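Hi there,

Here is the structure I promised to pass on. Have a look at it first, and my notes follow below.

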Amino acid sequence: MKKLISNYVATFKGLSKEVWWLSLITLINRAGTMVIPFLSLYLKEGLGFTFSDVGLIMVFFGLGSVAGSKLGGYLTDKIGYYKVMQVSLFCTGILFVLLQYVTSLCGFCISIFILMTVADTFRPAMFVALSSYSKPENKIRSVTLIRLAINLGFSAGPAVGGIIITTLGYNGLFWVDGVTCVLATFLLISVLNPKKARVIDEVKNENPISVYSDKLFWIFFVAMALFGIVFLQYFSTIPLYYRDVHHLTEFEIGLLLGANGFIIFLLEMPLVKSLEDSKHTKIMLMLFGGLLVTISFIVLNITSWVGVLIIGMFFMTIGEMIMFPFSNAYAMERAKKGSQGQYMSWYSISFSLAHVFGHFSGMHLVDQIGYDNTWYVIFGLSLLSGFFLLLLLYRTKQLQKE
(Lines give C-alpha, C1' and ligand atoms only; values in the text may rest on other atoms or scores of the structure.)
Protein backbone atom coordinates (compact mmCIF):
# COMPACT_ATOMS: atom_id res chain seq x y z
CA MET A 1 0.00 0.00 0.00
CA LYS A 2 2.86 2.36 0.87
CA LYS A 3 4.48 1.71 -2.51
CA LEU A 4 1.16 2.24 -4.27
CA ILE A 5 0.71 5.61 -2.57
CA SER A 6 4.30 6.69 -3.32
CA ASN A 7 3.87 5.74 -7.00
CA TYR A 8 0.64 7.74 -7.11
CA VAL A 9 2.33 10.79 -5.58
CA ALA A 10 5.26 10.43 -8.00
CA THR A 11 2.94 10.99 -10.98
CA PHE A 12 2.44 14.59 -9.78
CA LYS A 13 6.14 15.46 -9.48
CA GLY A 14 7.77 18.00 -11.79
CA LEU A 15 4.71 20.22 -12.29
CA SER A 16 5.26 23.95 -11.78
CA LYS A 17 3.71 25.79 -8.83
CA GLU A 18 1.75 28.00 -11.26
CA VAL A 19 0.05 24.89 -12.66
CA TRP A 20 -0.89 23.90 -9.10
CA TRP A 21 -2.34 27.38 -8.47
CA LEU A 22 -4.29 27.20 -11.73
CA SER A 23 -5.63 23.85 -10.60
CA LEU A 24 -6.74 25.19 -7.23
CA ILE A 25 -8.45 28.18 -8.88
CA THR A 26 -10.19 25.79 -11.26
CA LEU A 27 -11.21 23.53 -8.35
CA ILE A 28 -12.84 26.41 -6.47
CA ASN A 29 -14.56 27.60 -9.63
CA ARG A 30 -15.80 24.17 -10.72
CA ALA A 31 -16.89 23.10 -7.25
CA GLY A 32 -19.55 25.77 -7.59
CA THR A 33 -20.79 24.77 -11.02
CA MET A 34 -23.62 22.81 -9.45
CA VAL A 35 -26.25 24.34 -11.71
CA ILE A 36 -24.92 22.77 -14.91
CA PRO A 37 -25.57 19.04 -14.17
CA PHE A 38 -29.03 19.94 -12.83
CA LEU A 39 -29.86 22.57 -15.45
CA SER A 40 -32.13 20.35 -17.57
CA LEU A 41 -33.96 19.21 -14.42
CA TYR A 42 -34.28 22.80 -13.17
CA LEU A 43 -35.66 24.04 -16.47
CA LYS A 44 -38.12 21.18 -16.84
CA GLU A 45 -39.30 20.79 -13.26
CA GLY A 46 -38.39 24.07 -11.58
CA LEU A 47 -39.63 26.38 -14.33
CA GLY A 48 -42.04 24.00 -16.07
CA PHE A 49 -40.48 24.18 -19.54
CA THR A 50 -41.14 21.44 -22.13
CA PHE A 51 -38.48 19.21 -23.73
CA SER A 52 -38.46 21.52 -26.76
CA ASP A 53 -38.08 24.60 -24.56
CA VAL A 54 -35.15 23.02 -22.69
CA GLY A 55 -33.56 22.06 -26.00
CA LEU A 56 -33.93 25.63 -27.29
CA ILE A 57 -32.34 27.06 -24.14
CA MET A 58 -29.46 24.62 -24.53
CA VAL A 59 -28.95 25.89 -28.09
CA PHE A 60 -28.43 29.40 -26.70
CA PHE A 61 -26.21 27.86 -24.03
CA GLY A 62 -24.05 26.45 -26.82
CA LEU A 63 -24.14 29.61 -28.95
CA GLY A 64 -22.91 31.61 -25.97
CA SER A 65 -20.16 29.06 -25.46
CA VAL A 66 -19.10 29.40 -29.12
CA ALA A 67 -19.08 33.20 -28.87
CA GLY A 68 -17.19 33.12 -25.58
CA SER A 69 -14.56 30.67 -26.83
CA LYS A 70 -13.92 32.72 -29.97
CA LEU A 71 -13.84 35.98 -28.04
CA GLY A 72 -11.58 34.45 -25.39
CA GLY A 73 -9.06 33.31 -27.99
CA TYR A 74 -9.02 36.73 -29.65
CA LEU A 75 -8.64 38.62 -26.36
CA THR A 76 -5.95 36.22 -25.12
CA ASP A 77 -3.80 36.92 -28.17
CA LYS A 78 -4.46 40.67 -27.82
CA ILE A 79 -4.32 41.47 -24.08
CA GLY A 80 -3.01 38.26 -22.47
CA TYR A 81 -4.50 35.34 -20.60
CA TYR A 82 -4.32 36.89 -17.11
CA LYS A 83 -6.72 39.78 -17.72
CA VAL A 84 -9.13 37.55 -19.62
CA MET A 85 -9.31 34.97 -16.82
CA GLN A 86 -9.71 37.64 -14.14
CA VAL A 87 -12.61 39.50 -15.78
CA SER A 88 -14.31 36.30 -16.94
CA LEU A 89 -14.37 34.70 -13.48
CA PHE A 90 -15.66 37.77 -11.65
CA CYS A 91 -18.39 38.66 -14.15
CA THR A 92 -19.50 35.03 -14.40
CA GLY A 93 -20.06 34.98 -10.65
CA ILE A 94 -22.32 38.02 -10.80
CA LEU A 95 -24.26 36.65 -13.77
CA PHE A 96 -24.86 33.27 -12.08
CA VAL A 97 -26.50 35.00 -9.10
CA LEU A 98 -28.72 37.10 -11.40
CA LEU A 99 -29.77 34.10 -13.52
CA GLN A 100 -32.06 32.73 -10.79
CA TYR A 101 -34.38 35.70 -11.21
CA VAL A 102 -35.06 34.95 -14.90
CA THR A 103 -38.15 32.79 -15.40
CA SER A 104 -39.42 33.42 -18.96
CA LEU A 105 -38.31 31.34 -21.95
CA CYS A 106 -37.11 34.33 -23.96
CA GLY A 107 -35.38 35.88 -20.97
CA PHE A 108 -33.62 32.63 -20.10
CA CYS A 109 -32.39 32.15 -23.68
CA ILE A 110 -30.87 35.66 -23.72
CA SER A 111 -29.48 35.37 -20.19
CA ILE A 112 -27.85 31.97 -20.69
CA PHE A 113 -26.28 33.24 -23.94
CA ILE A 114 -24.72 36.23 -22.16
CA LEU A 115 -23.61 34.09 -19.21
CA MET A 116 -21.89 31.49 -21.38
CA THR A 117 -20.27 34.14 -23.59
CA VAL A 118 -18.64 35.66 -20.51
CA ALA A 119 -17.88 32.32 -18.81
CA ASP A 120 -16.24 30.62 -21.77
CA THR A 121 -13.78 33.39 -22.53
CA PHE A 122 -11.96 31.78 -19.59
CA ARG A 123 -11.21 28.46 -21.32
CA PRO A 124 -8.83 29.51 -24.15
CA ALA A 125 -7.03 31.85 -21.75
CA MET A 126 -6.60 29.08 -19.18
CA PHE A 127 -5.25 26.66 -21.81
CA VAL A 128 -2.67 29.20 -22.99
CA ALA A 129 -1.68 29.95 -19.38
CA LEU A 130 -1.35 26.23 -18.73
CA SER A 131 0.84 25.79 -21.80
CA SER A 132 3.05 28.71 -20.76
CA TYR A 133 3.57 27.40 -17.23
CA SER A 134 4.32 23.78 -18.25
CA LYS A 135 7.49 22.20 -19.52
CA PRO A 136 6.94 20.48 -22.90
CA GLU A 137 7.35 17.02 -21.35
CA ASN A 138 4.82 17.84 -18.60
CA LYS A 139 1.99 19.31 -20.69
CA ILE A 140 -0.20 16.20 -20.74
CA ARG A 141 0.12 15.74 -16.98
CA SER A 142 -0.52 19.46 -16.45
CA VAL A 143 -3.74 19.16 -18.44
CA THR A 144 -4.59 16.08 -16.41
CA LEU A 145 -4.05 17.94 -13.14
CA ILE A 146 -6.43 20.69 -14.30
CA ARG A 147 -8.96 18.00 -15.21
CA LEU A 148 -8.51 16.45 -11.78
CA ALA A 149 -9.38 19.80 -10.25
CA ILE A 150 -12.40 20.12 -12.54
CA ASN A 151 -13.61 16.62 -11.77
CA LEU A 152 -12.95 16.86 -8.05
CA GLY A 153 -15.11 19.98 -8.17
CA PHE A 154 -17.74 18.14 -10.19
CA SER A 155 -17.48 15.19 -7.79
CA ALA A 156 -18.33 17.33 -4.78
CA GLY A 157 -20.57 19.71 -6.72
CA PRO A 158 -23.42 17.40 -7.81
CA ALA A 159 -23.50 15.59 -4.48
CA VAL A 160 -23.65 18.85 -2.52
CA GLY A 161 -25.97 20.28 -5.17
CA GLY A 162 -28.45 17.47 -4.57
CA ILE A 163 -28.41 18.27 -0.85
CA ILE A 164 -28.87 22.01 -1.54
CA ILE A 165 -31.85 21.34 -3.81
CA THR A 166 -33.57 19.20 -1.18
CA THR A 167 -32.96 21.76 1.58
CA LEU A 168 -32.81 25.23 -0.02
CA GLY A 169 -34.26 24.62 -3.47
CA TYR A 170 -32.70 25.35 -6.85
CA ASN A 171 -32.06 29.02 -6.07
CA GLY A 172 -29.38 28.03 -3.58
CA LEU A 173 -27.34 26.56 -6.43
CA PHE A 174 -27.15 29.89 -8.25
CA TRP A 175 -25.86 31.65 -5.14
CA VAL A 176 -23.17 29.02 -4.57
CA ASP A 177 -22.14 29.16 -8.25
CA GLY A 178 -21.81 32.93 -8.12
CA VAL A 179 -19.91 33.12 -4.84
CA THR A 180 -17.38 30.45 -5.82
CA CYS A 181 -16.59 32.21 -9.12
CA VAL A 182 -15.92 35.45 -7.23
CA LEU A 183 -13.74 33.61 -4.69
CA ALA A 184 -11.76 32.05 -7.55
CA THR A 185 -11.18 35.56 -8.94
CA PHE A 186 -9.69 36.82 -5.68
CA LEU A 187 -7.44 33.77 -5.45
CA LEU A 188 -6.25 34.34 -9.03
CA ILE A 189 -5.35 37.96 -8.22
CA SER A 190 -3.57 36.91 -5.01
CA VAL A 191 -1.40 34.04 -6.21
CA LEU A 192 -0.98 34.27 -9.98
CA ASN A 193 0.53 37.70 -10.52
CA PRO A 194 1.83 37.65 -14.12
CA LYS A 195 4.75 39.91 -13.18
CA LYS A 196 6.01 37.36 -10.65
CA ALA A 197 4.95 34.18 -12.41
CA ARG A 198 7.63 31.99 -13.94
CA VAL A 199 6.77 31.42 -17.60
CA ILE A 200 8.34 28.13 -18.70
CA ASP A 201 7.25 27.56 -22.29
CA GLU A 202 5.76 30.64 -23.90
CA VAL A 203 5.63 30.24 -27.68
CA LYS A 204 5.60 33.35 -29.84
CA ASN A 205 5.95 32.84 -33.58
CA GLU A 206 7.02 35.76 -35.69
CA ASN A 207 5.17 34.31 -38.68
CA PRO A 208 2.46 32.05 -37.24
CA ILE A 209 0.46 29.92 -39.64
CA SER A 210 -3.28 30.42 -39.65
CA VAL A 211 -5.35 27.73 -38.00
CA TYR A 212 -7.60 27.84 -41.09
CA SER A 213 -4.84 26.37 -43.27
CA ASP A 214 -4.11 23.46 -40.90
CA LYS A 215 -6.04 20.59 -42.55
CA LEU A 216 -5.15 18.01 -39.90
CA PHE A 217 -6.47 20.28 -37.17
CA TRP A 218 -9.84 20.57 -38.90
CA ILE A 219 -10.22 16.79 -39.20
CA PHE A 220 -9.47 16.67 -35.48
CA PHE A 221 -11.95 19.52 -34.89
CA VAL A 222 -14.83 17.61 -36.56
CA ALA A 223 -14.02 14.46 -34.57
CA MET A 224 -14.05 16.45 -31.31
CA ALA A 225 -17.31 18.23 -32.15
CA LEU A 226 -19.03 14.89 -32.83
CA PHE A 227 -17.56 13.36 -29.69
CA GLY A 228 -18.71 16.41 -27.74
CA ILE A 229 -22.33 15.85 -28.87
CA VAL A 230 -22.09 12.29 -27.57
CA PHE A 231 -20.37 13.17 -24.30
CA LEU A 232 -22.63 16.09 -23.42
CA GLN A 233 -25.66 13.82 -23.25
CA TYR A 234 -24.40 13.07 -19.74
CA PHE A 235 -25.27 16.67 -18.83
CA SER A 236 -28.69 16.91 -20.49
CA THR A 237 -30.58 13.76 -21.53
CA ILE A 238 -28.85 11.28 -19.19
CA PRO A 239 -29.95 13.04 -15.93
CA LEU A 240 -33.51 13.05 -17.29
CA TYR A 241 -33.15 9.37 -18.22
CA TYR A 242 -32.08 8.61 -14.65
CA ARG A 243 -35.16 10.42 -13.36
CA ASP A 244 -37.81 9.37 -15.91
CA VAL A 245 -36.84 5.74 -16.56
CA HIS A 246 -35.05 4.65 -13.37
CA HIS A 247 -36.84 7.08 -11.02
CA LEU A 248 -33.72 8.33 -9.24
CA THR A 249 -34.00 11.37 -6.95
CA GLU A 250 -31.91 14.52 -7.42
CA PHE A 251 -29.68 13.38 -4.57
CA GLU A 252 -29.12 9.95 -6.16
CA ILE A 253 -28.44 11.57 -9.54
CA GLY A 254 -25.95 13.87 -7.85
CA LEU A 255 -24.16 10.91 -6.25
CA LEU A 256 -23.96 9.04 -9.56
CA LEU A 257 -22.60 12.06 -11.43
CA GLY A 258 -20.30 12.79 -8.51
CA ALA A 259 -18.89 9.26 -8.70
CA ASN A 260 -17.58 10.14 -12.14
CA GLY A 261 -15.46 12.94 -10.74
CA PHE A 262 -14.31 10.86 -7.77
CA ILE A 263 -13.09 8.00 -10.00
CA ILE A 264 -11.24 10.49 -12.19
CA PHE A 265 -9.63 12.06 -9.13
CA LEU A 266 -8.33 8.67 -7.98
CA LEU A 267 -7.29 7.09 -11.27
CA GLU A 268 -6.74 9.61 -14.05
CA MET A 269 -3.21 10.80 -13.26
CA PRO A 270 -1.71 7.28 -12.89
CA LEU A 271 -3.63 6.12 -15.98
CA VAL A 272 -2.48 9.05 -18.10
CA LYS A 273 1.11 8.69 -16.87
CA SER A 274 1.18 5.02 -17.85
CA LEU A 275 -0.39 5.69 -21.26
CA GLU A 276 1.96 8.63 -21.84
CA ASP A 277 4.90 6.27 -21.30
CA SER A 278 3.46 3.72 -23.74
CA LYS A 279 4.20 3.60 -27.47
CA HIS A 280 0.65 4.52 -28.45
CA THR A 281 0.10 7.81 -30.29
CA LYS A 282 -2.28 10.49 -29.01
CA ILE A 283 -4.66 9.71 -31.88
CA MET A 284 -4.79 5.99 -31.07
CA LEU A 285 -5.47 6.77 -27.43
CA MET A 286 -8.27 9.16 -28.41
CA LEU A 287 -9.81 6.37 -30.51
CA PHE A 288 -9.76 3.98 -27.56
CA GLY A 289 -11.25 6.58 -25.22
CA GLY A 290 -14.03 7.31 -27.69
CA LEU A 291 -14.80 3.60 -27.99
CA LEU A 292 -15.30 3.24 -24.24
CA VAL A 293 -17.70 6.22 -24.16
CA THR A 294 -19.62 4.60 -27.04
CA ILE A 295 -20.00 1.40 -25.02
CA SER A 296 -21.36 3.41 -22.07
CA PHE A 297 -24.50 4.23 -24.07
CA ILE A 298 -25.04 0.79 -25.61
CA VAL A 299 -25.05 -0.97 -22.22
CA LEU A 300 -28.04 1.15 -21.16
CA ASN A 301 -30.22 -0.71 -23.67
CA ILE A 302 -29.09 -4.20 -22.61
CA THR A 303 -31.11 -4.40 -19.40
CA SER A 304 -33.51 -2.41 -17.22
CA TRP A 305 -31.51 -3.32 -14.09
CA VAL A 306 -30.62 -0.09 -12.28
CA GLY A 307 -27.04 -1.30 -11.72
CA VAL A 308 -26.37 -0.84 -15.45
CA LEU A 309 -26.27 2.91 -14.77
CA ILE A 310 -23.12 2.39 -12.69
CA ILE A 311 -21.58 0.21 -15.41
CA GLY A 312 -22.36 2.82 -18.06
CA MET A 313 -20.91 5.58 -15.89
CA PHE A 314 -17.75 3.51 -15.37
CA PHE A 315 -17.17 3.03 -19.13
CA MET A 316 -17.85 6.70 -19.79
CA THR A 317 -15.49 7.78 -17.02
CA ILE A 318 -12.56 5.65 -18.24
CA GLY A 319 -13.14 6.80 -21.82
CA GLU A 320 -13.28 10.42 -20.72
CA MET A 321 -10.05 10.03 -18.73
CA ILE A 322 -8.27 8.95 -21.90
CA MET A 323 -9.95 11.16 -24.50
CA PHE A 324 -9.72 14.60 -22.93
CA PRO A 325 -6.10 14.82 -21.74
CA PHE A 326 -4.70 13.49 -25.02
CA SER A 327 -7.02 15.50 -27.26
CA ASN A 328 -6.11 18.64 -25.30
CA ALA A 329 -2.41 17.82 -25.57
CA TYR A 330 -2.80 17.23 -29.32
CA ALA A 331 -4.44 20.65 -29.73
CA MET A 332 -1.72 22.40 -27.70
CA GLU A 333 0.95 20.63 -29.74
CA ARG A 334 -0.48 21.94 -33.00
CA ALA A 335 -1.06 25.39 -31.45
CA LYS A 336 2.71 25.92 -31.41
CA LYS A 337 2.52 26.32 -35.18
CA GLY A 338 0.39 29.48 -34.96
CA SER A 339 -1.32 31.87 -32.56
CA GLN A 340 -2.02 29.83 -29.44
CA GLY A 341 -5.15 31.73 -28.48
CA GLN A 342 -6.61 31.13 -31.94
CA TYR A 343 -5.92 27.38 -31.87
CA MET A 344 -7.15 26.84 -28.33
CA SER A 345 -10.27 28.89 -28.94
CA TRP A 346 -11.21 26.61 -31.84
CA TYR A 347 -10.51 23.55 -29.70
CA SER A 348 -12.93 25.00 -27.13
CA ILE A 349 -15.42 25.85 -29.90
CA SER A 350 -15.55 22.19 -30.98
CA PHE A 351 -17.25 21.45 -27.65
CA SER A 352 -19.23 24.68 -27.73
CA LEU A 353 -20.77 23.58 -31.03
CA ALA A 354 -21.62 20.31 -29.34
CA HIS A 355 -23.58 22.37 -26.80
CA VAL A 356 -25.47 24.03 -29.67
CA PHE A 357 -26.50 20.80 -31.39
CA GLY A 358 -26.07 18.12 -28.74
CA HIS A 359 -28.54 19.22 -26.08
CA PHE A 360 -31.30 20.22 -28.49
CA SER A 361 -30.99 17.17 -30.73
CA GLY A 362 -30.82 14.87 -27.70
CA MET A 363 -33.93 16.39 -26.15
CA HIS A 364 -35.77 16.31 -29.48
CA LEU A 365 -34.84 12.68 -30.11
CA VAL A 366 -35.96 11.63 -26.63
CA ASP A 367 -39.27 13.43 -27.16
CA GLN A 368 -39.84 11.84 -30.59
CA ILE A 369 -38.36 8.32 -30.44
CA GLY A 370 -37.72 7.64 -26.74
CA TYR A 371 -34.58 7.07 -24.75
CA ASP A 372 -33.58 3.63 -26.07
CA ASN A 373 -33.64 4.66 -29.73
CA THR A 374 -31.85 7.90 -28.86
CA TRP A 375 -28.93 5.90 -27.45
CA TYR A 376 -28.67 4.03 -30.78
CA VAL A 377 -28.45 7.35 -32.63
CA ILE A 378 -25.78 8.53 -30.20
CA PHE A 379 -23.93 5.27 -30.86
CA GLY A 380 -23.93 6.10 -34.59
CA LEU A 381 -22.56 9.61 -33.98
CA SER A 382 -19.81 8.15 -31.83
CA LEU A 383 -18.80 5.79 -34.64
CA LEU A 384 -18.69 8.78 -37.01
CA SER A 385 -16.37 10.58 -34.61
CA GLY A 386 -14.14 7.50 -34.61
CA PHE A 387 -14.11 7.53 -38.42
CA PHE A 388 -12.68 11.08 -38.45
CA LEU A 389 -10.04 10.09 -35.89
CA LEU A 390 -9.07 7.15 -38.15
CA LEU A 391 -8.87 9.61 -41.06
CA LEU A 392 -6.66 11.86 -38.95
CA LEU A 393 -4.40 8.90 -38.14
CA TYR A 394 -4.18 7.94 -41.84
CA ARG A 395 -3.41 11.49 -43.03
CA THR A 396 -0.81 11.96 -40.28
CA LYS A 397 1.01 8.78 -41.32
CA GLN A 398 0.89 9.89 -44.95
CA LEU A 399 2.52 13.24 -44.11
CA GLN A 400 5.19 11.53 -42.02
CA LYS A 401 6.19 9.40 -45.03
CA GLU A 402 6.49 12.42 -47.34
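Tyr 241 and Tyr 242 are both buried, meaning under 20% relative accessible area, where exposed is over 50% and partly exposed lies in between (1.4 Å probe, protein chains only). Their ring centres sit 6.4 Å apart with the planes at 50°, so this pair is tilted. For the terms: rings of Phe, Tyr and Trp (its six-membered ring) pair if their centres lie within 6.5 Å, and planes under 30 degrees apart count as stacked, over 60 as edge-to-face and the rest as tilted.

Before I go on, please keep in mind that this is a predicted model, where local features need pLDDT of at least 70 and side-chain atom pairs count only at pLDDT 80 or more, while totals for chains, interfaces and linings use all residues. Residues are numbered from 1 along each chain as its sequence is written, and side-chain values use heavy atoms, leaving out hydrogens and water.

Back to the rings: the structure holds 18 aromatic pairs. One of them is Phe 231 with Phe 324, edge-to-face at 5.0 Å centre to centre and 70° between the planes. Phe 231 belongs to helix H10 (residues 215–231) and Phe 324 to helix H14 (residues 308–335), so the pair ties together parts that are 93 residues apart in sequence. Helices here are DSSP runs (H or I, at least four residues), numbered from the N terminus. Phe 231 and Phe 324 are both buried. Ring pairs also link Phe 217, Trp 218, Phe 220, Phe 221, Tyr 330, Trp 346 and Tyr 347 into a cluster.

Helix H7 (residues 122–132) is mostly covered, with 11 of its 11 residues buried. Among them are Arg 123, Ser 131 and Ser 132.

What is on the surface? A nonpolar patch there has about 880 Å² of accessible area together, by the Shrake-Rupley method with a 1.4 Å probe. Patch members have over 30% relative accessible area and no salt bridge, and nonpolar side chains are joined within 5 Å; a salt bridge is a side-chain nitrogen of Lys or Arg within 4 Å of a carboxyl oxygen of Asp or Glu. Helix H5 (81–99) and helix H9 (171–191) each supply at least two residues, and H9 gives the largest share, 5 residues. Val 179, one of the patch residues, lies in H9 and is partly exposed at 44% relative accessible area.

Finally, His 247 is in the loop between helix H11 (237–244) and helix H12 (250–276). His 247 has a positive phi, near 60°, in a residue other than glycine, and counts as exposed at 61% relative accessibility.

Best wishes

Notes: Patch = residues over 30% accessible without salt bridge, like charges linked within 9 Å, V, L, I, M, F, W, Y side chains within 5 Å.
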